[in-house]
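Please open the model in a viewer and keep the selection panel at hand. The tour begins with the whole chain and then turns to the ligand site.

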Amino acid sequence: MKARIAVLPGDGIGPEVVAQGLRCLRAVADAFGHEFALTELPFGGAAIDLCGDPLPESTLKGCLEADAVLLGAIGGPKWSAPEARVRPEQGLLGLRKALGVYANLRPVTVHPALLASSTLKPGILEGVDLVFVRELTGGIYFGEKRRDAHSATDVCTYTVAEVERIVRVAARLARQRRGKLVSIDKANVLETSRLWREVATRVMRAEFPEVSLEHMLVDSAAMHLIRRPRDFDVLVTENMFGDILTDEASMLAGSLGLLPSASLGEGTRGLYEPIHGSAPDIAGQGIANPCGTILSVALLLRHSLGLAAEAAALEQAVSEALASGARTPDVAASHDRALRTEQVGEAVLDRIRAG
Ligand code: IPM
Ligand code: MN
């Protein structure tokens, strides 16, 4: 098949991990006979440096015209002074909003070979297989922001329609999996959460009676996530809770660098990015874990291009590479066995080519 893919390397380790993602994407195209037209576009801090705008019009246009967007990471100390007028993060939020990708899927699985890489006990981790469905274009991220000399305000709003559509995405996913949905909120304090809970209950009763629904307060969910992670199947939550809980959940897998994400809206066009940030502390050293990005490429193949076999082959290649010991320092068995970003990419490539 033919597809157009917009590529936004971004800042910090973004370009380093995206380079490996692209090598894998090209290898998949070769192995399966596809033709992917890749267009690299400036985004984030890099775009601020270039033209003063983290999401230049030409970049947004390129993304809107593409079948899918692959993104590295954005941000860094250079652009994050408290008084900064434009921030790389505004570009990311603007892009998510403009693409209408309200559903952010963040799967978390524990690779058997990486059981010892986590700070948690292997016995707790074995068999963990869950997916977060994070609402991505609403809530406190997008509410009105005010600041004066004495105070600051961030407004959190959710509409009924926004909650309905995200709950439906999560419920459809749960139906294909183990039929268990946990909806996470703070209904004992927040009005938006009370609305969220009511709407989730109504949608699930009316449209998904075969999927079990449990409501959980976010503080309790943070605890249960590391106490009994195996019990979770699909978790649905609002934007900021999802942001925080998925960083926590990455420790189940062993490293923030391992987790991919897919952001989807109504059509098949999606935005794919690892859940980690630009990691300025290790940028330029060639030691960033490319697996989160490579696995995001797999999600892109599956969700936007409908290439399920290709996606599975790429995921399998990552699994085998990790199992063989091809690992960056964040998940390496020991310091002297750690490989560089490029070498891990190479190990995945070899397995794709070997078919
Ligand atoms: C993420 C990131 C972003 C978010 C930042 C960079 C704005 O942390 O994708 O999880 O908070 O959504
Ligand atoms: Mn985050």
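The stops below proceed from the overall fold to the surroundings of the ligand.

**Whole protein.** Display the entire protein as a cartoon, bearing in mind that this is a predicted model. The cartoon comprises 12 helices and 12 strands. The radius of gyration is 20 Å, close to the 20 Å given by the globule rule for 355 residues, so the protein is as compact as a globular protein of that length. Along the principal axes, the C-alpha atoms occupy a box of roughly 50 × 50 × 40 Å.

Next, colour domain 1 (1-103 + 256-355) and domain 2 (119-253) separately; each of them supplies at least three residues to the shell around ligand 1.

**The shell.** Select ligand 1 together with the residues around it: Glu89, Leu92, Arg96, Arg106, Arg134, Tyr141, Asp243 and Ile275. Which helix gives the most to this shell? It is helix α4 (residues 88-99), with 3 residues. By class, the shell holds 5 charged and 3 nonpolar residues, and no polar ones.

**Arginine contacts.** An N or O atom in the side chain of Arg96 is 2.7 Å from an oxygen atom of ligand 1. For Arg134, the corresponding side-chain N or O atom lies 2.8 Å from a ligand 1 oxygen. At Arg106, a polar side-chain atom is 3.0 Å from an oxygen atom of ligand 1.

Definitions and conventions:
Residues numbered from 1 in each chain as written. Chains lettered and ligands numbered in written order. Predicted model: local features only at pLDDT ≥ 70, side-chain atom pairs only at ≥ 80, totals over all residues. Heavy atoms only, no water. Near = heavy atom within 4 Å. Polar contact = N/O pair within 3.5 Å; in protein donor to acceptor, adjacent residues only side chain to side chain. Helix = DSSP H or I, 4+ residues; strand = E, 2+ residues; numbered from the N terminus. Nonpolar A, V, L, I, M, F, W, Y, C, P; charged D, E, K, R; others polar. Domains from an automatic or database assignment. Rg over C-alpha atoms; globule rule 2.2 N^0.38 Å.
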